[in-house]
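Please look through the structure below with these notes beside you.

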Amino acid sequence: MKKSAIAKPTKVFKPNVLSFDEIYTWLRAQEGPPSYTAVKDGKLKDGTQLYSIGLGHQIQPNELELMNLTLNDNQVLEIFKKDIEQIRLSMNKVIKVPLNKNQQLALLSLRYNIGPNYFNTSTLLRLLNAGNFDAASSRFAEWRLSEGMINKGLVARRERERQLFVKPV
């Protein structure tokens, strides 16, 4: 049986397994304070307006009820937990090499921010799966655009993710 690249988060510490608290602490620092109501969050290439809520959760077409809600802290946390579990599962399908905790967290952060389509087709992932960790780490910087423009916040975030990725455990 293939060992998962991103092991399921737990409250119990195990070597090379990220706890939910570790994921939450890192991504909360990257995403900033939660949005308790829906906020505009960029546009798709076709001009479709995107909205997010909570800790960067992209509101999907089947979740339009979120557009009219005001969330409490527990609801924000529940949405975040579901997002992380879905991301962990999807990343385990595409990552073919073992990762340490720092690499897992850096890649989770990147994937959380850029989404599955961009992550799954990225040069970073291709290089990672080829075992070229150094070249993969240099590709974090490519993900710095927002609506076609270089975004200083994303440049800084990608550098923090890269530094975490290359940091030994």
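1. In this predicted model, the buried residues of helix α7 are covered by several elements, including α1 (20-31), α3 (101-114), α5 (123-129), α6 (133-138) and β4 (145-146). The buried residues in question are L154, R157, R158, E161, L164 and F165 of α7. Because they cover an arc of only 125 degrees around the axis, they lie on the same side of α7. As a general point, an α-helix has 3.6 residues a turn, so residues three or four places apart point the same way.

2. At the start of α7, a side-chain oxygen of N151 comes to within 2.8 Å of the backbone nitrogen of G153.

3. How do α1 and α2 (residues 73-94) cross? Their axes come within 12 Å and cross at roughly 105 degrees, which means that α1 is roughly perpendicular to α2. On the α1 side the contact is made by F20, I23, Y24 and L27, and on the α2 side by L77, F80, K81 and I84.

4. Leaving aside neighbours within four places in sequence, F80 is in contact with F20, I23, Y24, L27, L55 and Y112. Of these, L55 is 25 residues from F80 in sequence, while the C-alpha atoms of the two are 6.6 Å apart in space.

Conventions: Residues numbered from 1 in each chain as written. Predicted model: local features only at pLDDT ≥ 70, side-chain atom pairs only at ≥ 80, totals over all residues. Heavy atoms only, no water. Buried < 20%, exposed > 50% of the residue type's maximum accessible area, 1.4 Å probe, protein only. Helix = DSSP H or I, 4+ residues; strand = E, 2+ residues; numbered from the N terminus. Arc of directions from axis to C-beta. Contact = heavy atoms within 4.5 Å. Polar contact = N/O pair within 3.5 Å; in protein donor to acceptor, adjacent residues only side chain to side chain. Axes fitted to C-alpha atoms, helices over the stretch in contact; angles between N-to-C directions. Parallel < 35°, antiparallel > 145°, perpendicular 65-115°, else oblique.
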